[in-house]
Amino acid sequence: MDYGYFHYDEPYTRPRRRRINYFAWTVAILLLTGAAFAAWLLSFYIFGQPERPDSYHVLQKLHKVDPPKRFELTAAPAGEFLSPKQLYDRYISMGSAELAKGNAELARNYIRNFQQVRGLVPYVVGRYVVMEARELGPNDIFTSGMVALMGAVDNGELLMEHVYPADAQALPLMKQTLTPGLEVKLERTHDLSAAIHAERLGDGRVMITAVPLLYGTYTITRGTGTFTLEPPLTLNLEAGWPLFKEQGRLKAEMHYTQYRRGEASPQAQVPITGLAPSGATARAENALVRVEAAKPVEPITVAQVPPKNAKLAAKATPPPNHGKLAKNKPSAMPAPSVAPTAAPVIAQQAPPGAAPPAAVAVATPQPAAPPPAPAATKAPIVVAAAPMPVLSPAVEAPAPAVASAQAAPTDSSGTALASTAGGGSWKTFAPGKMPLGRLIATSDLSDLAGRGIVGERVYLKGQFVVNFADANRAVLRPRTRLASAMLHLGGSSTRIIVEFPAGYTPPPQGTVVSRDEARPFEITEVRKQEDGQLNVFAREIMQ
């Protein structure tokens, strides 16, 4: 057989199989698994411990860390208020490892803006005295502002370095304010200074680092000028804790000892290095307090509703801008004295200058018919000479003589500086004599939070229960009945923060406050949080 005839056929041969290098594949898989495991550990290390300088630097590069933010007094993280003795007892009993773990958690909570807090945030309260203050620089954790070393008045074994972050323009006034001997009183109702570090000193004392979460405006009780704190844009964690290193702290304590010796009389207590002034010593003459500006209320720009009864326009009442003009009905023909003639004279002179109030007052021509013309003409001439120059400035600065007869809304008190320690000051009114505005109930607060308060006065009525009260502020909640509570009508997630003027005493805790259309609260702001909590800020305007 000729095998060459079938030249297209080839003899059957088994194909050669390539050898697989299992060892190389095993090594590659192990390397990839190790890389994935290392990446997972690294991400856990970086994101789980932002208080470490290297982790914080990487998170900043990745834009995964937010700068510290400013908190509101009513929206701050939940915490516990610790006195100097409680702070000392807590941190002096910790071991080295436990203290390091606690400091890491405190710094981590501050860097995360208290978003993932385990437990309660420790807030500092009590009386402290400034020993020394210095300016912060690029070699500190907080790179701008000032830090003050303070000693607790009630416990000499506790020191505190209180951080005051601020812009550069506020530093000159801060240096004049934060002087040795200045008293700083931190109260749970006005201040939120969170402890972010604790250091156990070699002599058995404890020094904590605190920063105010409100970043508010401060002033001193015996002085002028205010400075405002600002949250830091970034932190320099490489500088390390605390801000007052050992040498700087010892030097500050020595300077304060010399200051106390110069201030002390021969019979006074001899100051001891490392000990804060005891409670037996005289209280500091000056004190640092936090203040806040009262939010101004926009004036009424909406045209007034004309009275339904024609008799309302025929009555010349003292408050032309009042909603209830027919309440105080004066006599039709009184004796020609200054009081009854003053109102018609002001009403006749007002139309050329003030349009809205005069539109109601001009329509009262009742003194046109009285027969005793000589007596009626003399009195207006005498009275009109005084009010006419006062009515030209109109509403914002009425003279004392006209203010009793004209209760027009004034907003000049809206920009007054209201101290949280003693209450603010604004114009108050008699029951039923407040300016015209919109009256709402607690069920309408949700709609008001959606659209806001723009160019109108809004009053709140209803029944409320006092949950908390302090010197000039009370926190109320709507009083709900059993059926309303079950149906979630006027829900318990509404909180009304009412501020009272100076000299007023807020209602005690647990009492029921009823407000109607004659004695309402004036709403200044409504805020709705992400969790549905509705915070209503109001103030007392009733006399």
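This is a predicted model: local features need pLDDT of at least 70, side-chain atom pairs count only at pLDDT 80 or more; totals for chains, interfaces and linings use all residues.

Colleague: Which cluster does Tyr 110 belong to?

Modeller: One aromatic cluster made of Phe 71, Tyr 110, Phe 114 and Phe 142. Phe 114 is buried as well, at 11%.

Colleague: How many aromatic pairs does the structure hold?

Modeller: It holds 10. One of them is Trp 40 with Phe 44, with centres 6.3 Å apart and 20° between the planes. Planes under 30 degrees apart count as stacked, so this pair is stacked. Both residues lie in helix H1 (residues 22–48), 4 residues apart, about one turn of the helix.

Colleague: Is Trp 40 buried or exposed?

Modeller: Exposed, at 53%. Phe 44 is exposed too, at 58%. Now take Tyr 110 and Phe 114: centres 6.4 Å apart, planes at 75°, so edge-to-face.

Colleague: Where does the charged end of Arg 134 sit?

Modeller: Over the ring of Phe 244, 5.3 Å from the ring centre.

Colleague: And the backbone?

Modeller: Most residues other than glycine have a negative phi, and most peptide bonds are trans. Look for the exceptions. His 63 has a positive phi of about 55°. His 63 is in the loop between helix H2 (53–61) and strand S1 (79–82), and is exposed at 69%. Tyr 215 also has a positive phi, near 50°. Tyr 215 lies in the loop between strands S8 (206–212) and S9 (217–220), but is buried at 1%.

Colleague: Which peptide bond is cis?

Modeller: The one from Trp 241 to Pro 242, with omega near -10°. Pro 242 is in the loop between strand S10 (227–228) and helix H6 (246–263).

Note on methods
Residues are numbered from 1 along each chain as its sequence is written. Side-chain values use heavy atoms; hydrogens and water are left out. Helices (H or I, at least four residues) and strands (E, at least two) are DSSP runs, numbered from the N terminus. Buried means under 20% relative accessible area, exposed over 50%, partly exposed in between (1.4 Å probe, protein chains only). Rings of Phe, Tyr and Trp (its six-membered ring) pair if their centres lie within 6.5 Å; planes under 30 degrees apart count as stacked, over 60 as edge-to-face and the rest as tilted. A charge sits over a ring if NZ of Lys or CZ of Arg is within 6 Å of the ring centre and within 35 degrees of the ring normal.
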